[in-house]
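Here is a short briefing to read alongside the model. Have the structure open and follow the topics in turn.

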Amino acid sequence: MWNAGTQSRGETVRVSTSSASSYALEPADPIGKSLGARRAAPAQSVWFGGYGNWDRVAATDIAFGYNTGGGGAALGVDLWNSPGFTAGLAAGASTGKLRLAGRADRIEANAGHGGFYARGESHGFNLASAISYSFAALDSSRAIAFLGQTATGSSHASTFAATLGVARPFQFGGITAEPFANLDWYATRHDGFNETGAPGVNQTVQAGGFDALFGTTGLRMVHQTVMPNGVAAQFGATLAVRHQFSGNAPAMTAAFEGAPGIQFAISGVERARTTALTGVEARWDLTATTSFRTSYEGAFAPGFDRHTLRGTIRSEF
């Protein structure tokens with residue numbers, strides 16, 4: 001949900017959960033870009049970004065597949081900004097929907113996000129870290145076809161996330177090659193709730209949680225140039241691999257209201273633990289202190305793909 005980096009006039013690149021924290025600054029995807037182009041004098045920056053994403057998970061022998069889509073926006077400010085260190089705060093909101101493939105079942109989520117990020121440079125390495133928190137209101141709908149009924153429920157969930165990354169830029173003429181690696185940890189907790197609308201088969205769901213740890217390593221290439229109209233621009237591409245070290249298919253414990261003493265577990269669809277990541281980006285200086293950045297990020301594995309589009313405007317003062 002959160003990636004922070006070291007880009008002087010960019011924003012984070014998210015390859016996972018949609019959230020305001022997805023826009024913490026970062027120079028390389030998902031960590032670094034050289035701070036060499038940053039102005040020598042300290043400057044504050046304000047940025048605003050929006051994003052949209054969609055993904056697909058294929059069905060397995062024991063579970064339905066699903067499709068998701070969502071979008072959101074974030075506002076951030078670099079509160080402490082110097083040539084070798086930047087730290088700031090970000091806040092935003094997002095909305096999304098999940099639908100089971102071939103069924104009318106769905107979950108809708110509306111969330112708020114907030115976080116703190118910091119990045120800096122030491123001995124030629126770009127370092128970045130961030131923490132974020134999100135709180136979501138969830139509405140679910142489950143069709144019981146043989147009864148002609150629909151069970152609905154409302155609950156809340158929260159996620160705490162932390163990320164730590166390192167990158168090492170190398171300059172080759174007008175191209176910067178930047179190997180990077182980072183760790184992302186997510187801890188999600190959800191409230192218990194009772195369904196309504198389908199007497200006898202409404203489910204009572206217990207509170208629970210889910211933790212996951214991801215590691216990512218890859219290479220980002222960046223080319224800086226000046227357009228024919230004199231506007232400074234930057235173009236980049238990223239290839240990486242992400243691996244999930246712990247946690248996989250979330251699960252929760254439930255019981256039918258007609259048989260509260262007979263509990264059962266509901267497990268999500270397991271995804272491939274290793275995912276290939278790709279990304280392309282472009283940034284233009286609109287004025288001496290304002291820039292616009294757009295990017296595409298993709299994640300691919302057997303039975304799974306995710307696509308994210310982002311746009312961010314940044315202004316320094």
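Is Phe214 buried or exposed? With a relative accessibility of 15%, Phe214 counts as buried, because the cut-off for buried is under 20%. Keep in mind that this is a predicted model.

**Around Phe214**
- Phe214 pairs edge-to-face with Tyr186, at 5.8 Å centre to centre and 75 degrees between the planes.
- This pair links distant parts of the chain, as Tyr186 is in strand E8 and Phe214 in strand E11, 28 residues apart.
- Tyr186 is also buried, at 7% relative accessible area.
- Arg242 lies over the face of Phe214, 5.0 Å from the ring centre.

- The whole structure holds 6 aromatic pairs.
- One of them joins Trp80 and Phe116 edge-to-face, with 6.4 Å centre to centre and 70 degrees between the planes.
- Trp80 belongs to strand E2 and Phe116 to strand E4, so this pair ties together parts 36 residues apart in sequence.
- Phe235, Trp284 and Phe292 make up one aromatic cluster.
- The charged end of Arg168 sits over the ring of Phe170, 4.7 Å from its centre.

**A nonpolar surface patch**
- A nonpolar patch of about 920 Å² includes Leu79, Trp80 and Phe116 among its residues.
- Strand E5 gives the most to this patch, with 3 residues.
- Leu79, in strand E2, is partly exposed at 34% relative accessibility.
- Trp80 is partly exposed at 46%, and Phe116 is partly exposed at 32%.

**An open sheet**
- Four strands pair antiparallel in the order E9-E10-E13-E14.
- E9 and E14 stand at the edges with a single partner strand each, so one side of each has no neighbour in the sheet.
- E13 is joined to E14 by 5 bridges, and Ala255 has Gln263 in E14 as its bridge partner.

Definitions and conventions:
Residues are numbered from 1 along each chain as its sequence is written. This is a predicted model: local features need pLDDT of at least 70, side-chain atom pairs count only at pLDDT 80 or more; totals for chains, interfaces and linings use all residues. Side-chain values use heavy atoms; hydrogens and water are left out. Two strands pair if DSSP finds at least two bridges between them. Helices (H or I, at least four residues) and strands (E, at least two) are DSSP runs, numbered from the N terminus. Patches are made of residues with over 30% relative accessible area and no salt bridge: like charges are joined within 9 Å, nonpolar side chains (Val, Leu, Ile, Met, Phe, Trp, Tyr) within 5 Å. Accessible areas come from the Shrake-Rupley method with a 1.4 Å probe; for residues, only the protein chains shown count as cover. A salt bridge is a side-chain nitrogen of Lys or Arg within 4 Å of a carboxyl oxygen of Asp or Glu. Buried means under 20% relative accessible area, exposed over 50%, partly exposed in between (1.4 Å probe, protein chains only). Rings of Phe, Tyr and Trp (its six-membered ring) pair if their centres lie within 6.5 Å; planes under 30 degrees apart count as stacked, over 60 as edge-to-face and the rest as tilted. A charge sits over a ring if NZ of Lys or CZ of Arg is within 6 Å of the ring centre and within 35 degrees of the ring normal.
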